[in-house]
There are 2 protein chains.
Amino acid sequence: MKSYIKHSEWQVVEEGFVPDYNRISESLFSIGNGHTGQRANFEETYSGDSLRGNYLAGVYYPDKTRVGWWKNGYPEYFAKILNAANWIGLRIRLDEEELDLAKAKVDDFTRILDMRTALLTRRFKATLPSGKKVEVVVERFLSIADKEIGAIRYRLKSINFAGKLGLCSYIDGDIVNEDSNYDEKFWIETDKDTTPEQAFLCMETKKTSFFVCHGTETRLHLNGAKVDVARHPYNDEKFVANTFELSLVAGDELCIEKYMAVNTSLYQPKDALMGHVKAKLAQAIEEGFDQLYEAHSQKWKTRWETADIMIKGDVAAQQGIRFNIFQLMQTYSGDDERLNIGPKGFTGEKYGGVTYWDTEAYCLPFFMATAPQVVAKNLLLYRHKHLQKAIENGEKLGFNGGAALYPMVTINGEECHNEWEITFEEIHRNGAIAYAIYNYINYTGDIDYLAPYGFEVLLGISRFWAQRVNWSEGKNAYVMLGVTGPNEYENNVNNNFHTNRMAVWTMRYTLDVIDFVKKEHPYLYSELTRKWAFNEQAETDQWRDIIENMHFPYDAKRGIFLQQDGFLDKEIIPADELDPAERPIHQNWSWDRILRSCYIKQADTLQSFYWFRHEFDKESLRRHFDFYEPITVHESSLSSCIHAILAARIGREEKAYEMYLRTARLDLDDYNNDTKDGLHITSMGGTWLAFVETFGGMDVKDGRLVLNPFLPQSWEAFSFRINFRGAHLEIRMSEDLKVINHSDQSIELMVWDGVITLEGNSNIALARKSIMS
Amino acid sequence: MKSYIKHSEWQVVEEGFVPDYNRISESLFSIGNGHTGQRANFEETYSGDSLRGNYLAGVYYPDKTRVGWWKNGYPEYFAKILNAANWIGLRIRLDEEELDLAKAKVDDFTRILDMRTALLTRRFKATLPSGKKVEVVVERFLSIADKEIGAIRYRLKSINFAGKLGLCSYIDGDIVNEDSNYDEKFWIETDKDTTPEQAFLCMETKKTSFFVCHGTETRLHLNGAKVDVARHPYNDEKFVANTFELSLVAGDELCIEKYMAVNTSLYQPKDALMGHVKAKLAQAIEEGFDQLYEAHSQKWKTRWETADIMIKGDVAAQQGIRFNIFQLMQTYSGDDERLNIGPKGFTGEKYGGVTYWDTEAYCLPFFMATAPQVVAKNLLLYRHKHLQKAIENGEKLGFNGGAALYPMVTINGEECHNEWEITFEEIHRNGAIAYAIYNYINYTGDIDYLAPYGFEVLLGISRFWAQRVNWSEGKNAYVMLGVTGPNEYENNVNNNFHTNRMAVWTMRYTLDVIDFVKKEHPYLYSELTRKWAFNEQAETDQWRDIIENMHFPYDAKRGIFLQQDGFLDKEIIPADELDPAERPIHQNWSWDRILRSCYIKQADTLQSFYWFRHEFDKESLRRHFDFYEPITVHESSLSSCIHAILAARIGREEKAYEMYLRTARLDLDDYNNDTKDGLHITSMGGTWLAFVETFGGMDVKDGRLVLNPFLPQSWEAFSFRINFRGAHLEIRMSEDLKVINHSDQSIELMVWDGVITLEGNSNIALARKSIMS
């Protein structure tokens with residue numbers, strides 16, 4: 001936990017340079033445009049501690065698995081979105097002395113990330129060991145108006161220096177992933193070109209053969225005027241640069257503009273790549289820094305119009321929620337169904353930038369509600385495209401007949417995690433992928449998704465569940481053995497309630513979907529039946545039998561479903577009785593002790609209560625919440641969001657607010673002491689969800705948007721904006737509740753259990769009502 | 001499964017050279033003397049597939065753990081007995097052509113390992129590509145009369161070659177472990193020396209700083225006479241050699257004698273090491289090959305006198321049992337309590353040559369019965385010496401107050417395996433270490449072991465069990481959660497019957513031992529009580545409570561204890577209904593499928609029935625055997641021995657014989673297709689056990705040796721020899737049973753339920769009786 005970030009409604013601000021926090025700030029001030037992203041590294045040389053990070057969506061390497069003892073079925077690699085060429089580099093020499101903040105005295109250091117426009121600004125005064133003083137202001141952005149463009153404006157003013165300034169503006173492709181399993185380098189140089197002001201570097205990834213080309217042009221102005229200086233290109237292995245030399249006197253201001261264009265073989269044929277990048281760079285130069293920035297910030301303005309959340313009366317909370325929304329939008333733009341959302345986005349290497357169930361469970365709702373429908377649809381299509389791989393993944397474990405097990409971790413549809421207790425057992429993820437289809441259709445009403453896409457994914461997943469259970473003579477019921485639930489502090493348990501629940505729910509939903517597709521798209525249905533060798537009668541009979549006879553561990557005395565068989569054999573001691581010095585337990589306890597304890601990492605049984613709210617009454621939710629929440633240690637960044645929402649549902653406003661706060665400023669305050677590794681991007685989807693469902697009480701029932709807002713005592717007001725089935729709504733909560741329809745589309749809402757019809761471009765105000773129940 | 005080894009009563013014989021089998025034969029023909037051992041590599045260059053392996057007991061390296069995701073409590077390294085300098089090397093050039101069996105035509109190839117004297121002999125005729133023909137006979141042994149000495153006699157006869165023979169006799173220290181986790185080399189050269197006929201190489205292990213010195217002298221005779229030839233020493237990095245050149249004509253016979261001396265810093269100060277080795281080598285030279293071999297084979301004769309098992313009427317079975325006994329004797333001599341027995345002995349790298357519970361459970365009985373008492377005692381002292389480390393190991397997992405958890409895998413007392421499901425959970429090993437104390441005292445009667453050694457080990461282990469259980473409200477009993485039993489095809493189960501059984505048994509035995517020590521050694525007892533802060537009343541009360549209230553999963557319908565909670569939720573399908581193509585399942589099924597299946601790797605519940613035979617009646621054993629054995633796949637080399645014994649106990653002679661056969665020729669017939677990695681040394685202890693307890697029906701009850709022999713139908717007779725409390729007995733079973741007392745010590749025996757007293761140097765014959773019951 002740290003609190004050096006200044007509170008500000010629209011900005012992330014660091015004042016004063018603390019080298020120990022540099023990695024944290026590099027994560028926090030990251031910028032990205034959905035296709036490329038980078039940590040907030042310094043342009044000039046920095047010899048202190050830093051993780052230089054530049055990432056390109058979809059460009060990965062299958063790093064050979066590192067494991068002590070191999071087990072059959074293990075995936076052979078862990079895919080990694082690669083740390084790619086560093087194009088921002090500027091080496092600056094004042095006479096023979098290099099500008100390096102690790103070696104200079106640094107004053108008036110400020111780093112600002114403007115979330116409105118995704119502009120990263122850095123200012124500082126540096127006094128070099130020899131006494132030379134300069135003042136620097138740098139601005140940098142990665143354009144969302146043109147995803148191939150980035151630009152830097154680096155203004156250096158000499159305070160007392162007179163002499164030669166040497167500049168080397170470079171692209172460095174000799175990059176190592178810090179998390180490489182065998183200290184291997186993953187990039188090969190394939191081509192390069194330099195002119196006096198331009199440099200191009202083409203690289204290829206080993207094994208996967210992705211081709212990437214970066215090009216830069218560096219332009220210099222002295223005191224506002226173009227200067228004619230000595231210029232020399234420079235090449236080395238995996239390194240291209242333009243060098244410049246000029247004379248400065250005190251008071252001179254040198255402005256270095258560096259323009260970057262980048263593309264990859266995902267979008268251009270490899271042979272055309274450098275030509276394409278050259279043309280793109282020429283276009284960027286033509287437009288110039290200000291015009292590029294203008295287009296970029298206009299686009300950001302549009303993004304915020306449908307996504308902003310306003311909180312009045314609490315700047316920290318306001319900054320927190322905007323930071324979460326901002327980073328989600330920087331990470332995923334949804335214009336390419338081959339891409340997805342890594343737990344750290346473009347802000348670090350941890351988790352390899354690959355896809356987890358986080359996407360479906362925590363991120364999808366944000367994109368459904370704040371972006372065009374195609375964005376959420378592309379997240380679904382990503383899994384649809386991987387169906388065959390999911391079937392193959394199932395086959396590797398011994399399933400057959402088209403049973404699909406989606407991987408726990410993937411980039412291309414193949415499993416690439418390497419712990420059996422996760423990959424083989426944490427199969428509730430399969431349910432999350434099925435649930436996302438339901439969730440998407442429930443929210444968007446896009447029922448047309450089902451026949452061509454949704455049905456076959458659901459079929460594959462239901463087939464998996466049907467094979468994954470077995471009949472227990474002893475229990476006279478179907479059981480599901482050897483699983484790991486969302487609570488990863490248990491492994492290889494039997495009859496995890498949530499997993500069994502997801503299985504039964506999936507099969508039931510699939511039966512509904514079959515009825516729908518059969519009725520509405522009979523021709524396609526018969527085609528699909530043939531394609532998948534679907535024996536409807538036999539298979540659906542089996543599913544119905546499982547639905548009716550699934551075992552759910554239950555404690556009659558307490559009236560609660562148990563997280564798994566035998567859960568009550570554990571010693572149940574509330575987490576707040578633990579020694580605070582031993583928290584978080586995952587950093588202080590042995591795995592042995594954690595596994596045997598009752599402590600829960602994140603919502604597990606309660607995850608079912610979150611998703612299936614309409615199947616459990618409030619009394620039941622209250623009983624389960626009161627049993628499970630006190631033994632939940634919330635050591636996953638994905639835990640408190642769900643608990644905030646559930647607390648709100650049972651009227652525990654204070655608990656809801658407490659849980660919400662834990663997720664909202666997780667990274668800004670470095671709550672878990674790990675922001676240095678990158679931001680918790682997918683958890684940010686959970687934060688958004690927590691906001692709209694906790695404070696907005698948002699839900700969708702029978703195709704109708706439901707709102708049950710409540711205003712925490714410490715806030716004066718809040719508002720949030722969402723798209724819902726063509727309507728664009730703003731929900732403002734203060735003394736009263738105001739719902740504004742910014743679109744032409746009329747809409748019927750249910751607010752505090754009352755039905756309201758809101759015409760296009762109208763609004764309605766309602767007296768405030770508590771949700772206490 | 002292969003069967004290229006010729007059957008022979010006292011020899012292991014390979015006829016004809018099959019390069020594909022070379023690694024297997026290198027394992028099978030391994031030689032060792034308890035301090036050093038080596039695979040049966042060729043002396044001359046061999047460019048084909050081979051694992052060159054030379055190992056020195058106790059000389060290990062802590063190889064950094066390789067793991068995908070770290071978990072708290074993981075050990076940082078996996079210790080490995082290192083592959084050490086290769087001293088046997090002889091490069092032989094005929095003119096410019098090298099003798100290399102991978103490149104020559106090979107005729108009349110024979111490899112023979114004489115188990116009576118541990119002499120490795122190899123013969124072959126080789127025709128080089130140019131047509132040069134030679135005939136070679138090589139003999140090699142590692143002396144058990146002097147553990148620092150080895151010798152080779154390499155006789156090369158020219159059939160048609162006339163020209164220059166070049167010989168390079170070398171010690172190569174530039175050795176890599178094939179199983180190095182990060183392809184690292186573990187040895188550093190520290191010193192070397194060469195004379196025209198001698199070469200010395202001193203090496204140090206990285207990190208652990210063991211020092212090792214090898215010295216060799218190479219002597220040449222031509223047609224029986226010493227020859228004066230050109231001789232040159234030669235040095236390189238980690239390499240020392242003597243080179244020789246001489247002229248041969250067809251019919252000449254060159255005899256190369258290579259003598260080796262070796263020692264390590266375990267026995268000599270590092271600075272004195274080379275001097276010591278030089279002196280030792282001089283002594284060996286003085287004695288000469290024949291005299292060294294004579295001393296060596298005399299010692300082997302003595303070893304066999306107390307250990308041999310004779311089977312008449314079945315050469316394959318005879319060879320099998322002798323091979324097992326022979327390899328056990330080669331691996332462990334029991335003269336140094338710092339040493340132990342690795343699963344592969346000195347025959348390969350797998351499992352790192354480090355210590356598992358195999359020692360206590362499978363090897364101890366062999367050494368108790370066939371070697372001087374000090375040998376078995378040293379195996380126990382090995383663990384006693386590691387008590388403090390076992391307590392620290394417990395502390396790393398969160399236990400305290402002197403609770404000792406002995407490691408699953410160790411060389412120096414520290415845990416060095418890296419799977420949580422094994423190191424944290426397979427804790428029944430702690431019980432095996434306690435049981436070994438009981439077993440040793442029960443067999444040897446050495447009750448004096450208890451007060452100074454046994455008591456504190458038992459105290460530490462009982463304290464561990466007391467902390468490892470917890471009270472279950474639901475079951476109203478103590479439970480033990482999150483364990484892995486001997487059946488490693490289950491992980492993280494609750495209430496494994498065998499583990500719970502071991503826990504209760506240990507505490508009960510510890511209570512008995514406390515009573516004994518308190519009564520017989522009151523002063524020492526009070527000292528120990530203080531040393532270990534033992535609160536006798538409170539702690540033993542707690543143990544008694546646990547003993548009385550431990551939960552044991554039980555199925556009343558079948559009248560059987562269940563392997564673990566919920567075992568009957570599994571689908572129970574006998575293993576013989578599995579597709580043979582899918583056996584062994586661990587090579588064909590995913591780990592996921594194995595874990596969820598009912599299949600058992602090795603005796604688990606039945607391990608308790610094996611150890612605690614006096615606590616279960618035969619009917620109960622029969623029920624459990626009939627439930628568990630059919631679902632046991634015996635995919636551990638330690639499985640069939642226990643099942644053979646249990647089958648015999650319930651009179652299933654055929655089953656017993658079948659199970660015995662699976663263990664007896666496991667390596668000779670490469671049953672599991674893994675002999676190339678090394679021999680299953682610890683399983684050989686199980687084979688011996690299976691023999692004496694299955695066919696001998698041997699047991700010890702109330703301090704009295706019990707025999708219930710039966711002769712399998714296919715054998716004409718068998719005999720075995722054991723030491724028992726000072727008596728040296730030979731048990732001969734054929735038409736009748738004859739027990740011969742070869743010692744002065746009289747002994748009271750129970751044979752087929754009748755008590756017999758056998759005076760010193762007498763014998764008794766009894767009519768044969770079946771054990772069918």
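This report describes the chain symmetry, a helix pair, the nonpolar core, selected residues and backbone features of a predicted model.

Local features are reported only at pLDDT of at least 70 and side-chain atom pairs only at pLDDT 80 or more, whereas totals for chains, interfaces and linings use all residues of this predicted model. Residues are numbered from 1 along each chain as its sequence is written, chains are lettered from A and ligands numbered from 1 in the order in which they are written, and side-chain values use heavy atoms, with hydrogens and water left out.

**Relation of the two chains**

Two copies of a chain are related by a rotation about an axis and a shift along it.

**Packing of helices 10 and 12 in chain A**

Helices (H or I, at least four residues) and strands (E, at least two) are DSSP runs, numbered from the N terminus. In chain A, helix 10 (residues 497–520) packs against helix 12 (residues 536–549) at an angle of about 145°, and their axes are 9 Å apart. These axes are lines fitted to C-alpha atoms over the stretch in contact, and angles run from 0 to 180 degrees between N-to-C directions. Contact means heavy atoms within 4.5 Å. On the side of helix 10 of chain A, the contact residues are A:Val504, A:Met507, A:Arg508, A:Thr510, A:Leu511, A:Ile514 and A:Lys518; helix 12 of chain A contributes A:Glu536, A:Thr540, A:Trp543, A:Arg544, A:Ile546 and A:Ile547. By class, this contact holds seven nonpolar, two polar and four charged residues. In this classification Ala, Val, Leu, Ile, Met, Phe, Trp, Tyr, Cys and Pro count as nonpolar, Asp, Glu, Lys and Arg as charged, and the others, Gly among them, as polar.

**The largest nonpolar core**

A nonpolar core is a set of buried Ala, Val, Leu, Ile, Met, Phe, Trp, Tyr and Cys residues joined through side-chain atoms within 4.5 Å. The largest such core has 489 residues, of which A:Leu99, A:Tyr154, A:Phe691, B:Leu99, B:Tyr154 and B:Phe691 touch the most other members. Not counting residues up to four places away in sequence, A:Leu99 touches A:Glu44, A:Thr45, A:Ile92, A:Phe124, A:Ala126, A:Leu128, A:Val134, A:Val136, A:Tyr154 and A:Leu156.

**Selected residues**

Relative accessible area under 20% is termed buried, over 50% exposed, and in between partly exposed (1.4 Å probe, protein chains only).

| Residue | Relative accessible area | Contacts |
|---|---|---|
| B:Lys280 | 12% | B:Asp146, B:Glu148, B:Ile149, B:Ala261 |
| A:Gly394 | 0% | A:Phe399, A:Ala403, A:Leu405 |
| B:Asp191 | 39% | B:Phe200, B:Leu201, B:Cys202, B:Met274 |
| A:Ala690 | 0% | A:Cys641, A:Ala644, A:Ile645, A:Tyr660, A:Phe695 |

B:Lys280 belongs to helix 2 (residues 273–307) of chain B and counts as buried. A:Gly394, in helix 6 (residues 387–397) of chain A, is also buried; its C-alpha atom is separated by 22 Å from that of A:Leu511, 117 residues apart along the chain. B:Asp191 lies in strand 14 (residues 187–194) of chain B and is partly exposed. From B:Asp191 to B:Leu562 the separation is 371 residues in sequence and 60 Å in space, C-alpha to C-alpha. A:Ala690 is part of helix 19 (residues 681–695) of chain A and is buried. A:Ala690 and A:Ala648 are 42 residues apart in sequence, with 9.6 Å between their C-alpha atoms.

**Backbone features**

In chain A, a cis peptide bond with omega of about -10° joins A:Arg583 and A:Pro584. A:Pro584 falls in the loop between strand 25 (560–561) and helix 13 (585–588) of chain A. In chain B, B:Arg583 and B:Pro584 are likewise joined by a cis peptide bond, with omega of about -10°.

Positive phi values in residues other than glycine include those of B:Trp752, near 45°, and B:Asn761, near 50°. B:Trp752 sits in the loop between strand 31 (747–751) and strand 32 (754–758) of chain B and is buried at 9% relative accessible area. B:Asn761 occupies the loop between strand 32 and strand 33 (763–767) of chain B.
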